[in-house]
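Me: I want to go through the labels attached to this model and check each against its cut-off. Please start with the rule and then apply it.

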Amino acid sequence: MRVKLDRTMCDGFGLCAKHAPEYFPLDDWGYASLHGDGIVPEADEPAVTRALLDCPVHAIIEMREQTDTPRRPRPT
């Protein structure tokens, strides 16, 4: 699992820090930041997923890996 945090959307509710404080520490003003590169080991996925789902402003985003599926050309 890989996540990113859009700090421009964060309103400082702190629910992410409640569920996964090692990934979402709060700054001096109570806003979250993402600690590390956003890669979440499988053992920590439940806590980070709960943080993602509980964020009222959807500032935490799960990054999906792209597949190697070829794109079809658009009809002209």
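Reply: A salt bridge is a side-chain nitrogen of Lys or Arg within 4 Å of a carboxyl oxygen of Asp or Glu. The model is predicted, and all values below are computed from it.

Me: Why is the contact between Asp-54 and Arg-50 called a salt bridge?

Reply: The closest N and O atoms of Asp-54 and Arg-50 are 3.0 Å apart. The cut-off is 4 Å, so the pair qualifies. Both residues lie in helix α2, four residues apart, or about one turn of the helix.

Me: What makes Asp-27 and Arg-7 a salt bridge?

Reply: Their side chains meet with an N to O distance of 3.4 Å. That is also within 4 Å, so the term applies. Asp-27 sits in the loop between α1 (15-19) and α2 (45-54) and Arg-7 in the loop between β1 (2-5) and α1, so the pair ties together parts that are 20 residues apart in sequence.

Me: How many salt bridges does a search of the whole structure find?

Reply: The search finds two.

Me: Why is Asp-27 called partly exposed?

Reply: Its relative accessibility is 24%. Buried means under 20% and exposed over 50%, so a value in between is partly exposed. Arg-7, at 44%, falls in the partly exposed class. Asp-54 at 25% and Arg-50 at 39% are likewise partly exposed.

Me: Is Cys-55 buried or exposed, and how do you know?

Reply: Cys-55 has 12% relative accessibility. The limit for buried is under 20%, so Cys-55 counts as buried. Cys-55 lies in the loop between α2 and β2 (60-63). Its C-alpha atom is separated by 6.6 Å from that of Cys-16, 39 residues away along the chain.

Me: What about Asp-37, and which class does its accessible area give?

Reply: Asp-37 has a relative accessible area of 48%. Exposed requires over 50%, so Asp-37 stays partly exposed. Asp-37 is in the loop between α1 and α2. The C-alpha atoms of Asp-37 and Lys-4 are 8.3 Å apart, although 33 residues separate the two along the chain.

Me: How do you know that there is a cavity, and what volume does the largest have?

Reply: Rolling a probe the size of a water molecule over the atoms shows where empty space is left. A search of the whole structure finds one cavity of 30 Å³ or more. The largest cavity holds about 100 Å³ of space. Of the 15 residues lining this cavity, Cys-10, Phe-13, Gly-14, Cys-16 and Cys-55 are the closest to its centre.

Me: Which classes make up the lining of the largest cavity?

Reply: The lining has 12 nonpolar, two polar and one charged residues.

Me: Which residues touch the most other members of the largest nonpolar core?

Reply: Val-3, Phe-24, Val-48 and Ile-60 do, out of 16 residues in that core. The largest share, three residues, comes from α2. Leaving aside neighbours within four places in sequence, Val-3 is in contact with residues including Phe-24, Val-48, Leu-52 and Ile-60.

Me: What pattern does the protein chain follow?

Reply: Along the sequence the pattern is β-α-α-β, from two helices and two strands. Buried residues make up 25% of the 76 residues in the protein chain. Among contacts between residues at least 6 apart in sequence, 65% join residues at least 24 apart.

Definitions and conventions. Residues numbered from 1 in each chain as written. Predicted model: local features only at pLDDT ≥ 70, side-chain atom pairs only at ≥ 80, totals over all residues. Heavy atoms only, no water. Buried < 20%, exposed > 50% of the residue type's maximum accessible area, 1.4 Å probe, protein only. 1 Å grid on protein atoms, 1.4 Å probe; cavity = no way out; pocket = protein on both sides within 12 Å on 5 of 7 lines; lining within 4 Å. Points joined across faces, edges and corners; volume = space filled by probe spheres on them. Nonpolar A, V, L, I, M, F, W, Y, C, P; charged D, E, K, R; others polar. Core = buried A, V, L, I, M, F, W, Y, C linked by side-chain atoms within 4.5 Å. Contact = heavy atoms within 4.5 Å.
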